[in-house]
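This report describes the fold of one protein for a reader who is new to structural work. Please keep the sequence and the structure in view while reading.

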Amino acid sequence: MRVLVSGASIAGPVLAYWLSRRGFDVTVVERAPTLRKTGGHAVDLFRPAMEISASMGVLPQIEALATGTNHMIMHREGRARPFEIDLTKIYAATSDRHVEIMRDDLSEIYYAAGRDDVEYLFGDSITAIEHDGEVTFEHGPARRFDVIVGADGLHSNVRQLTFGAEADLTRFLGGYLAVVSAPKALASRGEMTCHVGVGRLAGIYTAEHLDDARAVFLFRAKHELDYDHRDALQQKDILRESFANMHEQVDGWLGEIDDTPAFYFDSISQLRLDRWSRRRVTLVGDAGYCPGPAVGGSTSLAVLGAYVLAGELAGADGDLLRAFAAYELQMREPVHRSRAFARGAARGIIPGSRLGVWALTRGAQLVSLLPGSLSRAAAKLNTKGVRMHDSMPVPDYGATDPHADEGSYRRWN
């Protein structure tokens, strides 16, 4: 069976890896001319994604490129003295098995794991999908596929082509995210410096293997802003205005915007589609069910979704309706729980009041001060809260790779 996957970020390469090992003929098309290796931000892998990565044989590479950010200096806007946060205790409270890694590093690791068995087409994109599976490309000749998968992110081209008006069914979660590449000297190794105030949060960090630092900005907005998503100059002006006079250190980070080699800006929005498949087309990861950038564990959800989709396609003996129905059934609960978590996280991470700022900073301090065993025990009592990502079930589709770990396919609740 011939499968076309659109997108070579996270979900696309993971799906391609598992499909190729289950006997599928896989092609991945990516609009960018190469893998995206500049800019981006750190993402979290929680236990389900860690287990799937272990079964792919890439966990050592992932752990080797972890950011190593284990300490935070947090400043409350208007307060002179900062305080320190032990991030290892925060991580331990949220997951038994966790790593923070740059998104572009993770993408490259997943790509390298399966590239020898997958056809990658860079610098091209899909322009039309016919009912019989014929796909028209922007540059290459038309080809026919049995299955077409959109793994091309929140602004998915495949979703637009397949679902029409429904493709834009999103929910604005009240905030915006920006990432700026800045000189590495502005950040300290192993440490994140963070400033938080009413309706806005800014931080900077780096990693040993990076050549730069990444400044991250989150801010609230009552309504979606009117701007051109292709106009970076306009977006930079919005960012400057939103963080004006927060702190001289933040002013310094903003001063790098004009010279930054990489800039990202987008709304924190949640995709609200409840069906991700139509005819021979389906969606995976942010293209189908983005819970919200930076707030919903979307990377781990994408890894899980790609693994599940490959398993269900392999077990359906060519029956696409059966495969897609089983895939959507398996992913429905994790997606709905991630959406609910993201809505709460967006309100908490970007506090809208002085009380919210106090609650965020005080909560981080308390977790940091508690013994690790106590904070983990308390967190495990609430699998719908901070432990939600760890509690997502991983179906057992059987090992197909000689590098697979013995216990990588167990199911937990």
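Two residues are in contact when they have heavy atoms within 4.5 Å of each other. The model discussed here is predicted.

## A residue in the core

By that rule, Tyr110 touches Ile10, Pro13, Val14, Leu45, Ser53, Met56, Val58, Ile62 and Val303, leaving aside residues up to four places away in sequence.

Tyr110 also belongs to the largest nonpolar core, which has 74 residues. Leu15, Leu45, Ile62, Tyr110, Ile126, Val284 and Met331 have the most contacts inside this core. Its largest share, 10 residues, is supplied by helix H10, which covers residues 298–315. Apart from this core lies another, of 28 residues, including Val179, Met192, Leu210 and Val216.

## Overall fold

The protein contains 13 helices and 18 strands. Its C-alpha trace spans about 65 × 45 × 35 Å along the principal axes.

Of contacts between residues at least 6 apart in sequence, 73% join residues at least 24 apart.

## Burial, surface and charge

Of the 413 residues, 55% count as buried. The protein exposes about 17900 Å², and carbon and sulfur atoms supply 49% of that area.

The side chains include 46 positive and 53 negative ones. The centres of these two sets lie 8 Å apart.

Methods
Residues numbered from 1 in each chain as written. Predicted model: local features only at pLDDT ≥ 70, side-chain atom pairs only at ≥ 80, totals over all residues. Heavy atoms only, no water. Helix = DSSP H or I, 4+ residues; strand = E, 2+ residues; numbered from the N terminus. Buried < 20%, exposed > 50% of the residue type's maximum accessible area, 1.4 Å probe, protein only. Areas by Shrake-Rupley, 256 points an atom, 1.4 Å probe, with all protein chains shown as cover. Lys, Arg positive; Asp, Glu negative; His and termini not counted. Charge placed at Lys NZ, Arg CZ, Asp CG, Glu CD. Core = buried A, V, L, I, M, F, W, Y, C linked by side-chain atoms within 4.5 Å.
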